Amino acid sequence: MTSLIQAKDLCVTRHNKTILENVFIDVKKKDFITIIGPNGAGKSVFLECLMGSFIPDSGNVKRKDNLSVGYIPQNFSPESSMPISVERFLTLKKKFTPQELLNISKETNISKILDKNLANLSGGELQKVLLARSLLNNPELLILDEPAQNLDIKNQLNFYNLLNKIYKIRDISILMVSHDLHMVMSSTRKVVCLYHHVCCSGEPQTVAKDPEFISLFGDDMAKMMSVYQHTHNHSHQEILND
Amino acid sequence: MIEPFIIRAIIAGVGIAIIAGAIGCFVVWRKMAYFGDSLAHSALLGVALGLVMGISTNLGTVIICSIFASVLIWLQQKKILATDTLLGILAHSALSVGMVTLSLLEQSVDLHSYLFGDILAVNSAEIYFILFGGFFVLIFLYFNWSSFVLMTIDEKLAKAEGINIVLYQLLIMLLMTIVVAVSFKIVGLLLITSLLIIPAAAARQLAKSPEKMAIISSLLAVLSVAIGIFSSLYLDTPSGPSIVVVSTIIFITISIFSFLTNKNN
């Protein structure tokens, strides 16, 4: 199968601290990969390297020719000091026909909020708008950096359902950073565990049972994992508060 | 019969108002009011430099303000002190060094007119400086508008879409430097920030898009400057404060108006 992005031996050091060490990934057509790891593990820097907006100290990133990428950033919260409608935000520096805008608005359920002020949207609405914007260039690959971070559990579910729907309908690959282990682990996608280096990767259930996984990720992750493993009889509160 | 100096003041004032109104929106959006204020304080050192070296005080201001912005960005990268601390140190030391230098000069300097503005101080050469500087700023904003707006909404998103963030940050600072350099003669160093933020803040309440906010902001600034200059002439008040008083009245009027109409909805 064709690779969309192939990265090898990525190394990044800043202020004498290792951020990435020999990190690798191979994103193929129709892949759905989730990168997990504790805070400060270098996940965002890794994504930036893959997109080409950050140059690693060493290693190489091979992108398929003319690869179109859609991106959803972390912690998106527009200021209310700028008046801007959802529709104007979508069209900023993007080229598309009115028909495309109509289709994508329907696909992401934002047709009704196109005239709203961007700063007045709820967290769930904002993520849908970002998703719509990232889909406007008809990307082959969608890169999401903790897309459901600030959402409550209901909106998280809605967002991941929408993402799954888009993944099924479109000919698209998805690469996502997420802390939502209960969402990630309950599906059968590929998981990459990153803590400055790639600790392990594979099917979620295999990775979850790997004893090395817990020892590699330290207390934080082990705690989160144990919560995950007991999700059937415990609440999700601990994860949400993390 | 209108005196030539009044015509000069009006042309200069309108030119300044148009660019200050537009750039002022970015000052409001990007929370750069304190930066603008500090930049204006450091401009007094630029005046001193201009007088000592025998070059135009506008050019001296552009040089000093550019150095100021570069030093600030360099110190910010070090991440040892918070930005407002750095701004406070840089602004007041530059202001003080400027004051000391000016007082050591043999020629007498009307400090009051630099701090609060004096429409009589505008000469023909400065008109060209203002028009040229203003034209440059507007053309530049026009062609990079979407990139500036996108970067202001979210830097990570803009970066991922191929916009050079550091370059554009430098450019916004450079544009502000030009605004300070062209407007301090009329508005006064201490009051430049208000010409940047008050019209923009008033326009925010009327506008539904970033473009409209910039246009309305420029129009309100022109109105403030025009009325301010005439009242300065007829009441013999300093021009800078007169302009700011007018813009504040406009701001309050629009705020009340928008409060009442929103309530009725």
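Me: What is the order of the strands in the open sheet of chain A?

Reply: This is a predicted model. The order is 5-6-7-3-8-9, six strands with mixed pairing. The twist from one strand to the next averages 15 degrees.

Me: Why do strand 5 and strand 9 of chain A stand at the edges?

Reply: Strand 5 (69–72) and strand 9 (197–202) each have a single partner strand, so one side of each lacks a neighbour in the sheet.

Me: What makes strand 6 and strand 7 of chain A a pair?

Reply: Pairing takes at least two bridges between two strands. Strand 6 (residues 141–145) and strand 7 (residues 173–177) of chain A have five bridges, in the parallel sense. Therefore they count as paired. Leu144(A) stands opposite Met176(A) of strand 7.

Me: Which strands does helix 1 of chain A touch as it packs on the sheet?

Reply: Helix 1 (residues 43–51) touches strand 3 (32–36), strand 5, strand 6, strand 7 and strand 8 (190–195) of chain A. The direction of helix 1 makes about 155 degrees with that of strand 6. Helix 4 (residues 123–135) also packs on the sheet, touching strand 5 and strand 6 of chain A. The direction of helix 4 makes about 165 degrees with that of strand 5.

Me: How many residues of domain 1 of chain A are in contact with domain 2 of chain A?

Reply: Ten residues of domain 1 are in contact with eight of domain 2. Contact here means C-beta atoms within 7 Å. Helix 5 (residues 153–169) gives the largest share of the domain 1 side, five residues. That side divides into seven nonpolar, three polar and no charged residues.

Note on methods:
Residues are numbered from 1 along each chain as its sequence is written. Chains are lettered from A and ligands numbered from 1 in the order in which they are written. This is a predicted model: local features need pLDDT of at least 70, side-chain atom pairs count only at pLDDT 80 or more; totals for chains, interfaces and linings use all residues. Two residues are in contact if their C-beta atoms, placed from the backbone, lie within 7 Å. Helices (H or I, at least four residues) and strands (E, at least two) are DSSP runs, numbered from the N terminus. Ala, Val, Leu, Ile, Met, Phe, Trp, Tyr, Cys and Pro count as nonpolar, Asp, Glu, Lys and Arg as charged, and the others, Gly among them, as polar. Axes are lines fitted to C-alpha atoms, for helices over the stretch in contact, and angles run from 0 to 180 degrees between N-to-C directions.
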